[in-house]
Amino acid sequence: FSRSGILNMAYSCKCVASSVVADQDTLEQIRQGESDFYGVDSSGDELEAPSRTTDDSEDETLSFSDDEASTRREIDSMSVPTPPGPSLGILSSIDDEEVVHEFEKGCGCRENCYEQFDVSEVSEYRLSMKELTKSERDMFLLGKLQLLIRDPGTVHHARSSKAMKKKRLTAEYAFDHRRICQKAFCFLHNIGEFTLRALRKHITEVGPVPREHASKGRKAYNAYPFEVVCDAVTFIKNYACVFGLPQPAALRGRANQAPTYLPAHQNHKIVHQLYQEACREKGKRYMEYRSFIDTWHKCLPHIVFMTPRTDVCQKCENFRVAIKQAVSEDEKKQLLSDFSAHLEVAQKERDEYLAAIKKSKEAASAASETNSIPAFTHLTFDFAQQVFLPYHARQVGPIYYKVPMRVQIFGICNSEPHQVNYLFNEKETIGINGSKSHGPNSVISMVHHYLEIHSKKEPVCHFHADNCVGQNKNKSVLAYFMWRTLVGLNEEITLSFMRVGHTRCIVDACFGLLKKRYRSSDCDTMEHLKTTVEQSAKCNSVQLYCWEWREWDTFLSTTFRPYRGIRKIQHFRFTKKSPGIVFTRVACDDPESQYNLLKRGVRANQFKADKLPQLLAPPGISAERAQYLHDEIREFVNPEFRDVLCPSPSSN
């Protein structure tokens, strides 16, 4: 080493030692390194230099010359200033360690560019570069390079008189008005040499405009055919129909599409493995895992896996996002106040729901002691997600690409709890091929059948529904409950709609037990499905199709008018004492308002209990649907039940 090199090295060693005094192990290593360098031990005594073998095999002792002795004295007299920024001993981040390592290694040029900077300055700048997105970083560097890159100029060949333009670009790299080499420029801006070359080429050929990938807008040579993508999307949809839990409202504005939650114990890998097995059994081409997940997220973003933090209320989610993005303290306080008010209203609605269940249980207990009809009952009704027939616990993969027989489940649960599940397939619905299964005629027909057959004719009823209050069928439901009080079937009826996003109720619990049993059972016919539902829990019973469909919507629309502003109201009360008048409340603790549901000229005493709407006969399924079930689904049914579920179209 030269004298200046030794001074610089020693000075660096002493700076390091002064900054890591707290680390005794590191300090001891540095002291040992100094001892080896100076030729003295830790006590200050000089060490004997290592011997070297000469041609005459004589041992010589290493001694210091006058210049080396003066150098040693200058090192000892150095005063080490306090290093700027954090000391090396307490730098704990990964980036700081990278900077320290790079400083120790050096940039490799003659000027040793890193000597112009300190660790904290470089580390902070690199972290700022890492925070930029790729496009932001590119535009920032393109602007810099436009100023740094020089005109290549011309060159004269020795064998030619013509001036030729240089092809190789030249640049004078700088950072904060300090000249640096190319390697130091790349390290400071956290990029590689390949990226730098690409940016230089882009700035000279295109200019300071955003970079675009060469394959953008082109179809990749190894892209999957459209049929393969459609098969993957169909598989995910059918899988979600079997295992998913649909929600009443969208969360993050995903095109107003409500999410469907898959069980939390499953994941994308499990679904992809099932998809692969199904494709192999069918002899079809399948997508690999990464492409399968990308297709899922792009085509079906609303099908997600449930997490413990999942919240089904869109308003709650909007409040959380707004609070997180709030800038001022006053804005954040206002949002927190509004959020608390929303949760308080939802909790009050939940408390009223639980209070109605408790009141119904007390009325049933008091009636059992006197062997009489309970004076009050509470009922909750809702649709479950449809199921399919056939279904087997070890489901054959290719059936996920088919559309088996659809079966609807409508549940009405009392406060015991005991739930009657109405099961009907697409051959038994009001509309052809399973259509109109959720319409007003279907809902009112099943509610009417339950109140006439399965209830105890309680005079006062309180209904809770967790569907959206603004659905079209609800105007007919309001008219039906008013009709019941007018004809004397009930003295008072209350209909309450639960807050969207806060609709977890007792009927959902019974549906959950039902679906859990269904997933581990084999069902080929409606009787098999009935047995499965009845075995799912003591609270679940089954009503197969034997009731009458009636044209309630038309029957009620001739005498009752729709309620205006129904979307704002959560509670409706009908009483025999006020015929034709519905009492409404926006919230459970608000005062009641009145609204006359009867049309002009309609008298309250003209309704009779024995005058019912006309009957509706199920049209069944079309010939095309029957042919499809016979050709595509029949093979997946156990042989002894094929003629029951998927008979030949001629017999159907």
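**Salt bridges and cores**

Modeller: Glu632 forms a salt bridge with Lys402, and their closest N and O atoms are 2.8 Å apart. A salt bridge here is a side-chain nitrogen of Lys or Arg within 4 Å of a carboxyl oxygen of Asp or Glu. This is a predicted model, where local features need pLDDT of at least 70 and side-chain atom pairs count only at pLDDT 80 or more, while totals for chains, interfaces and linings use all residues. Residues are numbered from 1 along each chain as its sequence is written, and side-chain values use heavy atoms, with hydrogens and water left out.

Biologist: Where do Glu632 and Lys402 lie?
Modeller: Glu632 lies in helix 19 (residues 623–633) and Lys402 in the loop between strand 11 (387–389) and strand 12 (405–413), so the pair ties together parts that are 230 residues apart in sequence. Helices (H or I, at least four residues) and strands (E, at least two) are DSSP runs, numbered from the N terminus.

Biologist: Is Lys402 buried or exposed?
Modeller: Lys402 counts as buried, at 12% relative accessibility. Glu632 counts as partly exposed, at 27%. Buried means under 20% relative accessible area, exposed over 50% and partly exposed in between, with a 1.4 Å probe and protein chains only.

Biologist: How many salt bridges does the structure hold?
Modeller: The structure holds 22. One of them joins the side chains of Arg550 and Glu548, at 2.8 Å from N to O. Arg550 is buried, with a relative accessible area of 13%, whereas Glu548 is partly exposed at 45%.

Biologist: What about Arg290 and Asp294?
Modeller: Their side chains meet in a salt bridge too, 3.5 Å from N to O. Both residues lie in helix 11 (residues 289–299), four residues apart, which is about one turn of the helix. Arg290 counts as partly exposed at 49% relative accessibility, and Asp294 counts as partly exposed at 34%.

Biologist: Which residues are linked in a network of salt bridges?
Modeller: Lys134, Arg137, Asp138 and Arg211 are.

Biologist: Switching topic, which residues have the most contacts inside the largest nonpolar core?
Modeller: Tyr275, Phe292, Trp296, Leu423, Tyr518 and Leu529 do, in a core of 58 residues. Helix 9 gives the largest share of this core, nine residues. A nonpolar core is a set of buried Ala, Val, Leu, Ile, Met, Phe, Trp, Tyr and Cys residues joined through side-chain atoms within 4.5 Å.

Biologist: And what is Leu529 in contact with?
Modeller: Setting aside neighbours within four places in sequence, Leu529 is in contact with Val387, Val407, Leu423, Tyr518 and Cys523. Contact means heavy atoms within 4.5 Å.

Biologist: You mentioned helix 9. How do the axes of helix 9 and helix 16 cross?
Modeller: The axes of helix 9 (residues 226–243) and helix 16 (residues 506–519) come within 10 Å and cross at roughly 120°. The two helices are therefore oblique to each other. Axes are lines fitted to C-alpha atoms, for helices over the stretch in contact, and angles run from 0 to 180 degrees between N-to-C directions. Angles under 35 degrees count as roughly parallel, over 145 as roughly antiparallel, 65 to 115 as roughly perpendicular and the rest as oblique.

Biologist: Which residues make the contact?
Modeller: Cys241, Val242 and Phe243 of helix 9 and Lys515, Tyr518 and Arg519 of helix 16.
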